[in-house]
Amino acid sequence: MSDDIQVTKVLDLKGLACPMPVVKMSKGIKEVNVGEVVEAHTTDPGSLTDFPAWAKTSGNEILKTDQDGDVIKFYVARRS
Amino acid sequence: MDMQNLQNQLEEVQSQLETLKKGAAENKVAIIAFSGDMDKVLASFVIATGAVAMGMEAVMFFTFWGTPVLRDKNKSAGGKDLMGKLFGAMLPKGAGAVKSSKMNMGGMGTAMMKAVMKKKNIASLEEMIALAEELGVRIYVCEMSMDMMGFKREEFIDYKGLDFAGVATFLAEAQNAKVQLFV
């Protein structure tokens with residue numbers, strides 16, 4: 001519940017449908033340095049499983065997942 | 001003598017390792033786009049672009065009914081024989097003209113599907129092709145299909161990363177791809 005994650009960049013992916021959320025996430029993560037965190041907001045329900053799968057194969061880490069109504073928030077740390 | 005033996009064995013192992021490395025699966029998706037249906041071609045592009053987002057390489061081979069999808073609606077080519085002209089007229093001219101594989105209902109079903117996609121912010125086929133180009137998805141167009149259907153290179157879309165090739169070129173790319181799909 002505590003907001004102690006330092007976010008470097010917020011990525012608004014709301015309203016985008018598959019495959020856009022993951023495509024834009026893969027671009028967005030390259031805009032921060034390794035170790036920094038991107039907070040991504042998405043409304044695509046497929047993202048709940050897509051983002052963890054993407055993180056695993058792209059070598060990045062999802063620190064936290066929050067759900068606020070129909071907006072899903074992922075806190076992704078760049079690890080590679 | 002022992003040292004020589006060890007050395008020989010080491011060389012043998014190294015050479016086997018090289019052979020294994022050459023045959024190892026590459027982090028690549030290879031898709032054969034055989035179908036000319038809008039839904040099927042769209043699905044291929046979603047997979048190809050999704051693969052690039054996941055850090056994989058993606059290569060597509062457009063053949064047979066998939067070939068006309070890459071025609072540019074604003075371009076035309078001359079010098080075709082009768083069969084070529086017939087194919088050109090009967091087959092869809094580009095991504096905007098392809099139809100849904102089911103429930104096309106004389107074009108109405110496809111139009112309705114496109115409207116729903118637009119409303120839900122789902123990328124259209126043309127948008128997916130543009131995205132694929134941006135992401136570096138490579139496309140090979142089958143020369144044999146081109147020849148059979150009388151298509152000329154100049155009537156195809158401008159796509160950075162598009163080449164015309166035969167099956168061997170594609171198979172050379174596909175043989176080590178981790179994911180190989182026929183759509």
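## Two chains, one predicted model

The secondary structure of chain A comes to two helices and four strands, where helices (H or I, at least four residues) and strands (E, at least two) are DSSP runs numbered from the N terminus. Chain B has seven helices and five strands. Residues are numbered from 1 along each chain as its sequence is written, while chains are lettered from A and ligands numbered from 1 in the order in which they are written.

**Chain A overall**

- Reading from the N terminus, the elements of chain A go β-α-β-α-β-β.
- Chain A has a radius of gyration of 11 Å, close to the 12 Å that the globule rule gives for 80 residues, so it is as compact as a globular protein of that length. (The radius is taken over C-alpha atoms, and the rule is 2.2 Å times the number of residues to the power 0.38.)
- The C-alpha trace of chain A spans about 30 × 25 × 20 Å along its principal axes.
- As for burial, 32% of the 80 residues of chain A count as buried. (Buried means 20 or more other C-beta atoms within 10 Å of a residue's own, exposed means 12 or fewer, and partly exposed is in between, with C-beta atoms placed from the backbone.)
- Among contacts in chain A with a separation of 6 or more, 62% are between residues 24 or more positions apart. (Two residues are in contact if their C-beta atoms, placed from the backbone, lie within 7 Å.)

**Chain A, local details**

- Strands β3 (residues 61-68) and β4 (residues 71-77) of chain A run antiparallel and are joined by seven bridges. (Two strands pair if DSSP finds at least two bridges between them.)
- A:Asp66 sits opposite A:Lys73 in β4(A).
- The hairpin of β3(A) and β4(A) has two residues between the strands, and A:Gly69 takes a positive phi near 75° there.
- There's a cis peptide bond between A:Cys18 and A:Pro19, with omega about 5°; A:Pro19 is in the loop between β1 (9-13) and α1 of chain A.

**Where the chains meet**

- The contact draws 12 residues from chain A and 11 residues from chain B.
- On the side of chain A that touches chain B, α1 (20-28) and α2 (47-58) of chain A each supply at least two residues, and the largest share, four residues, comes from α1(A).
- By class, that side of chain A has eight nonpolar, four polar and no charged residues. (Ala, Val, Leu, Ile, Met, Phe, Trp, Tyr, Cys and Pro count as nonpolar, Asp, Glu, Lys and Arg as charged, and the others, Gly among them, as polar.)

**Chain B overall**

- From the N terminus on, chain B runs α-β-α-β-α-α-α-β-α-β-α-β.
- The radius of gyration of chain B is 21 Å, well over the 16 Å that the globule rule gives for 183 residues, so it is more spread out than a compact globule.
- Along the principal axes, the C-alpha atoms of chain B fill a box of roughly 80 × 45 × 25 Å.
- Of the 183 residues of chain B, 29% count as buried.

**The sheet in chain B**

- Five strands of chain B form an open sheet in the order β4-β3-β2-β1-β5, with parallel pairing.
- Its edge strands are β4 (162-165) and β5 (177-182) of chain B, each pairing on one side only.
- Six bridges join β1(B) to β2(B), and B:Ile32 stands opposite B:Phe61 in β2(B).

**Helix α2 of chain B**

- Helix α2 (residues 38-53) of chain B has 16 residues, which should span 22 Å at 1.5 Å a residue, and its end C-alpha atoms are 22 Å apart, which agrees. (The expected span is 1.5 Å times one less than the number of residues.)
- 12 of the 16 residues of α2(B) are buried, so it is largely enclosed by the rest of the structure; B:Phe45 and B:Val52 are among them.
- The buried residues of α2(B) pack against α1 and α2 of chain A together with β1 (26-33), β2 (57-62), α4 (108-119) and α5 (125-135) of chain B.
- α2(B) lies across β1, β2 and β5 of chain B, running at about 170° to β1(B). (Axes are lines fitted to C-alpha atoms, for helices over the stretch in contact, and angles run from 0 to 180 degrees between N-to-C directions.)

- B:Met103 isn't a glycine, yet has a positive phi of about 55°; with 12 C-beta neighbours inside 10 Å, B:Met103 counts as exposed.
- Phi of B:Met105 is near 45°, also positive in a residue other than glycine, and B:Met105 is in the loop between α3 and α4 of chain B.

Conventions. Predicted model: local features only at pLDDT ≥ 70, side-chain atom pairs only at ≥ 80, totals over all residues.
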